[in-house]
Amino acid sequence: MGEVKKHDTPKVDQLKTGPWPSFVDDIYSYSEKHKKQACFDIMGQMELSYTNRETHWKHGGIVGVFGYGGGVIGRYSDQQEKFPAIWAFHTIRVHHTAGKWYHTSALKKLCDMWDSRGSGIVNFHGSTGDIILLGTVTDQLEPIFFDLTHQLHWDLGGSGSNLRSPACCVGKSRCEWALIDVQELDYELTMAFQDELHRPAFPYKFKFKFSGCPLDCVAAVARADMSFIGTWRDEIRIDQEAVRAYVRGELKPNAGAFSDRDWGPFDIKKEVIDLCPTKCMYWDENEQKLYINNSECNRCMHCIAVMPEALRPGQDTGIAILIGAKAPILEGAQLSTLIVPFMKVEPPYDELKDFIYKAWDYWMENGKNRERIGELIQRIGLNKFITEVMGLTPIPQHVRVPRDNPYIFWKEEEVEGGWTRDVAEFRKRHPA
Amino acid sequence: MPTVEYKGKVFEVDEDGFLAGGLDAWCKEWVEYVKELEGIQELTEEHWKVINVLQDYYRKNGVAPMVRILSKVTGFPLKKIYELFPSGPGKGACKMAGLPKPTGCV
Ligand code: HEM
Ligand code: HEM
Ligand code: SF4
Ligand code: SF4
């Protein structure tokens, strides 16, 4: 390896101080060890950006691999004379594993490949879920893709107007609250929709996220156009003896999550009963017994999270499907809205796939250019989306409150006499 | 801006190899030149159909068509478009047709 040139980076270097792991330390120690000019140039360009307070990446960039329409984000420096090793600094999205479990042997292979073909810098992980390989040149894209597919047996993730890489919480692999096998579901749907992921065919981007329970550890309701949330419809299972153990102070509330501060002895009334959003719980002091009126429970998970050893979700489990979350551009930020309160799901998930295709078919045909499905629902109305697009029956659970304005559309066939009226008829009774 | 020379013609291109001069600078030689970069063996009628539709749409509307409009007008499903243009309608076909580079969250 030839000589490398380190730039003077006083502002960037300040970020080596303090207790949090320093990305500056990491990048410099890596670049010194591997003699990577691209890493030194990145720090140089960053110093320039800190000084000028503006980015030094050019607008856009269209690069990729043959056969796919996405997966690589092209980037070019606008300081190519000063920082030639990062004239191109493309990002590769590599599809992560469901729940982000890895074996060191796989990661080591990935690192060996990236050490030799890229900058060595990564993001574990991008917000959507992908492994992000940060920085390489155009000529390396096909060789990287070849290595990924042929040696590692890994594929690219998504980018562009397509299905982006789905993601899920750790689910049943290590969480006792997981109500469905989100990892299996994530994997099965990812494999089923490979074509939609690799070759953009949609009006705009579309994301799936899967959470095993309403605690929603992947933030599906905020960050996915289609949010799949594990839920149950029978009764919360109560171990009364364990409840008493919490009350006696033998078990720590919230599994000890708040033990760094003295909150006083556990008070079941104050910390559970009174905080239940639907007020459907009752602690009988005399009987030393907990009652839950499950028909009023909205499955918020609070009581279960406070007393994990005493309370468990029910056993009749499935998913709720919510649609439409997006960031502010264009029409304002949205969380997903409830479309299906409960669906049983089992491999091969045919019912679920039908449901997804129904929404896609309509959006692909009727969505405007760069219109997220949440905006389409806003435009055509939730009612039309639920009834005409998805073929479902509207239910009270579809809304938080009924509308408070009276601008109500009726279908012509719902109104006696229809819309065709003769004003002459009206004038017979109401002379002008 | 880098330039490339092909069969006696000189083209200004950006880093992604898109024609900097757009449709005004476009000519048949450009298509021949891009063909090689884009992994296309032989240019067929079908390639030209896609290129013509893209150019007509762009002249009329000032933007590239959405994927499903391209499919509808050409009658080619997306799968077929990838068979014709391995890097897809954006990086492959639009580049060849001399349309501006796709932008946004690509
Ligand atoms: C039977 C009699 C009336 C009926 C049925 C009626 C009905 C309505 C309705 C449906 C609206 C639209 C509300 C909206 O945009 O949200 C409205 C607005 C309005 N009405 Fe009446 N109205 C009546 C009498 C009057 C009278 C007598 C006045 C004034 C002296 C009046 C002043 C207004 C004004 C100023 C607005 C606009 C309010 C706004 O846009 O914020 N209305 N009315
Ligand atoms: C033939 C007579 C009138 C007609 C056809 C008429 C029509 C309208 C219409 C269509 C609107 C808009 C309603 C909407 O935003 O949905 C409006 C608003 C309004 N009108 Fe009239 N109007 C008439 C007379 C009057 C009179 C006499 C007054 C007041 C003395 C008045 C005061 C207002 C006000 C305050 C608004 C609300 C403006 C706003 O904030 O949007 N109008 N009118
Ligand atoms: S979302 Fe629920 S099931 Fe998934 S990891 Fe979080 S608590 Fe566990
Ligand atoms: S899950 Fe929530 S709503 Fe249901 S009983 Fe527990 S605290 Fe109440």
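Aromatic rings and burial

Me: Why is Phe206(A) called buried?
Reply: Buried means under 20% relative accessible area, against over 50% for exposed and partly exposed in between (1.4 Å probe, protein chains only). Phe206(A) has 0% relative accessibility, so it counts as buried. The model is predicted: local features need pLDDT of at least 70, side-chain atom pairs pLDDT 80 or more, while totals for chains, interfaces and linings use all residues. Side-chain values use heavy atoms, without hydrogens and water; residues are numbered from 1 along each chain as its sequence is written, with chains lettered from A and ligands numbered from 1 in the order written.

Me: How many aromatic pairs does the structure hold?
Reply: Over all chains there are 26.

Me: What makes the pair of Phe193(A) and Trp360(A) stacked or edge-to-face?
Reply: Rings of Phe, Tyr and Trp (its six-membered ring) pair if their centres lie within 6.5 Å; planes under 30 degrees apart are stacked, over 60 edge-to-face, the rest tilted. Here the centres are 4.8 Å apart and the planes at 65 degrees, so the pair is edge-to-face.

Me: Are Phe193(A) and Trp360(A) buried or exposed?
Reply: Phe193(A) is at 0% relative accessibility and therefore buried; Trp360(A), at 1%, is buried too.

Me: Why is the pair of Phe202(A) and Phe206(A) given the class it has?
Reply: The centres are 6.3 Å apart and the planes at 75 degrees, so this pair is edge-to-face. Phe202(A) is buried, at 6% relative accessibility.

Me: Which residues do ring pairs link into a cluster?
Reply: Among them are Phe193(A), Phe202(A), Phe206(A) and Trp360(A).
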